[in-house]
Amino acid sequence: FSSPAWWKESCIYQIYPASFKSSPNNKSGWGDIKGITSKLDYLKDLGVDILWLSPIFKSPQVDMGYDISDYKDIDPTYGSLDDVDELISKLKDRDMKLMMDLVVNHTSDQHAWFQDSRSSKTSSKRDWYIWQPPRYDADGNRQPPNNWALILGEANSAWTWDEHTQEYFLALFTPEQPDLNWRNPAVREAVHDVLRFWLDRGVCGFRMDVINHISKVSGYPDAKIIDPSAPYQPGHAHYANGPELHNYLQEIHSEVLSKYPTITVGEMPFVKDDSEILRVVSPDRNELNMIFIFELVDVDNVPGSFRLTRHEWHPRDLRRIVSRWQNVMQECNGWNSVFIENHDNPRSLTRYVDDSDQFRDLGAKLLALMQSTLSGTLYVYQGEELGMRDLPPEIPPEEYRDIESQNFWRKSLSLYPNNEKGGLDDARKTLQRKARDHARTPVPWSPEGPNAGFCDEGVEPWMCLNPDFTSYNASAQQNPPEGSGEGLTVFQFWRRALRNRKEHANTFVYGTFTELPSNATEEVFAYTKTAADGKEAFVVVLNFSGKEVEWAVPEGVSVERWVAGNWDDDGADKGTSGEIKLRAWEGLLGMVK
Ligand code: TEU
């Protein structure tokens with residue numbers, strides 16, 4: 001359904017630089033660029049084609065680099081421009097590429113542009129950001145221009161008062177991340193210039209952070225009240241996919257992207273409407289190659305609310321969401337990004353399957369089997385290939401380093417200092433279930449403690465490691481010690497799955513997805529993938545439950561044999577027609593006649 005392209009067939013691996021690998025003699029406890037360069041053979045062996053680095057630019061690190069103070073320089077914590085050049089050239093030696101994270105909805109408040117903007121109302125950069133005079137309530141008290149809430153954890157106002165010039169500026173995420181005013185053509189030109197700078201240096205493209213937030217509706221109307229007890233409300237109806245978004249994206253394309261062979265993926269929180277999404281990813285629109293649709297990773301958010309909320313879900317929701325986007329993109333000639341993890345969500349293993357010691361490997365492999373057989377460009381988040389799981393509950397919220405978690409916890413402490421109505425217990429539960437910290441623990445490279453090869457011994461890592469590194473680490477997974485068992489490790493399973501996906505790209509990357517009926521209790525997600533020329537088809541059957549269930553091979557699907565599975569026997573002895581028994585968390589890949 002779609003013409004082939006290198007960026008469609010590539011496997012993209014997301015690196016969270018602070019936690020990937022610290023090079024020898026780096027005493028900071030943070031990962032760095034040289035550390036990344038030292039692991040390219042590992043990544044190549046896994047089957048990765050493109051690295052996407054979360055931001056490594058100069059930054060005060062209020063939001064781990066998503067607050068940039070200089071787009072054309074590297075934060076000294078991570079290294080230098082020379083290190084990036086070296087990384088690009090070593091990637092090239094291995095036929096691999098580099099993608100950067102473009103964070104241009106907002107800058108850091110330490111960026112020279114903002115410093116200038118806030119210096120006076122007559123600054124030439126005043127209009128580079130979004131400034132508004134206050135409102136006054138009936139008692140004559142100063143109030144922000146509207147009721148929009150900050151996104152990252154605190155639920156305060158999205159407007160910050162500037163004493164010096166007596167106006168508010170808009171900063172949707174934290175007050176240290178003021179939003180750029182994209183209505184100003186000079187801002188857009190400055191962004192184009194940043195893109196050119198990196199493309200000329202040899203990067204192949206960009207992941208664009210909250211790119212759908214760049215156009216705000218004019219007049220800044222109040223948001224609908226979702227939580228009557230809160231003074232500020234989620235305002236995304238007024239800035240997610242705002243009125244000028246498509247014009248701005250098309251302008252980036254005509255001014256910059258059309259002149260380079262690039263890959264682009266936009267982050268688009270809060271938007272689920274297919275026509276709106278297709279506007280961005282349809283090739284004839286010249287906007288972006290693909291976007292991250294958050295419907296699946298937001299499945300356990302209270303609808304309409306932010307991330308740090310809890311909502312129950314059932315495997316049928318996962319089925320419905322995955323099927324929906326497979327179908328929409330193939331019917332409308334769009335393109336999917338296939339992903340289930342990133343640095344903003346807990347580990348998929350804990351969240352969608354079962355991370356207990358008993359089922360951990362099966363669960364991680366089940367998700368690998370699903371993702372490696374879906375149509376679209378595949379993204380793997382660091383540690384996903386190792387079956388990393390969330391932090392255990394013994395680690396207290398005080399150990400969490402993310403600004404979102406910290407703001408949320410501080411707010412909870414102030415609301416329920418004595419755990420009134422169990423408020424603190426509840427907040428702890430939310431962090432345990434939803435904190436971004438779970439995905440940000442350092443990658444364990446070896447079983448040797450206390451730092452597991454992430455950084456030098458004697459150096460304190462910037463955040464705690466997951467204590468299970470003695471058994472789950474890259475060295476044990478990539479080259480398991482002799483006698484450690486018959487089956488594949490999670491890493492080996494991923495490696496096999498990625499090779500299989502490449503070998504059968506016509507079927508897995510580009511093929512037609514058809515959902516098959518589930519089992520009676522609806523935990524089985526089954527589908528076929530068929531190559532466009534009809535020469536090859538596979539069936540994928542995934543039991544999203546820890547129970548043994550029966551699933552009937554539908555009439556019209558004739559399975560020749562099961563070729564792979566997440567249980568060590570690859571499902572070899574199973575029947576291929578009628579009712580088949582699926583074991584706990586079992587996933588099967590079958591060749592269709
Ligand atoms: O994330 C956007 C973001 O905040 C999402 O978490 C989104 O709001 C959520 O999924 C919807 O429920 C990006 C970065 O990935 C994140 O790390 C940054 O903190 C944020 O932008 C600000 O730059």
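Colleague: Are α6 and α7 parallel, perpendicular or oblique to each other?

Modeller: In this predicted model, the axes of helix α6 (residues 185-201) and helix α7 (residues 245-255) come within 10 Å and cross at roughly 45 degrees. Angles under 35 degrees count as roughly parallel, and 65 to 115 as roughly perpendicular. The relation of α6 to α7 is therefore oblique.

Colleague: Which residues of α7 does α6 meet?

Modeller: α6 passes α7 in a right-handed crossing. On the α6 side the contact is made by R188, H192 and L195. Their counterparts in α7 are Y248, E251, I252 and E255.

Colleague: How many nonpolar, polar and charged residues does the contact of α6 with α7 have?

Modeller: R188, H192 and L195 lie on one side, and Y248, E251, I252 and E255 on the other. Sorted by class, the contact has three nonpolar, one polar and three charged residues.

Colleague: Why is strand β12 largely enclosed by the rest of the structure?

Modeller: One side of β12 carries I263, V265 and E267, the other T264 and G266, and both faces are covered. β12 is largely enclosed because the number of its residues that are buried is five of the five.

Colleague: What is the bridge partner of A552 in β21?

Modeller: Strand β19 (residues 549-552) is joined to β21 by four bridges, and the two run antiparallel. β21 has a covered face, I580 and L582, and an uncovered face, E579 and K581. The partner of A552 is E579.

Key
Residues are numbered from 1 along each chain as its sequence is written. This is a predicted model: local features need pLDDT of at least 70, side-chain atom pairs count only at pLDDT 80 or more; totals for chains, interfaces and linings use all residues. Axes are lines fitted to C-alpha atoms, for helices over the stretch in contact, and angles run from 0 to 180 degrees between N-to-C directions. Angles under 35 degrees count as roughly parallel, over 145 as roughly antiparallel, 65 to 115 as roughly perpendicular and the rest as oblique. A crossing is left-handed if the near helix is turned anticlockwise from the far one by less than a right angle, and right-handed if clockwise. Two residues are in contact if their C-beta atoms, placed from the backbone, lie within 7 Å. Ala, Val, Leu, Ile, Met, Phe, Trp, Tyr, Cys and Pro count as nonpolar, Asp, Glu, Lys and Arg as charged, and the others, Gly among them, as polar. A residue is buried if 20 or more other C-beta atoms lie within 10 Å of its own, exposed if 12 or fewer, and partly exposed in between; C-beta atoms are placed from the backbone. Two strands pair if DSSP finds at least two bridges between them.
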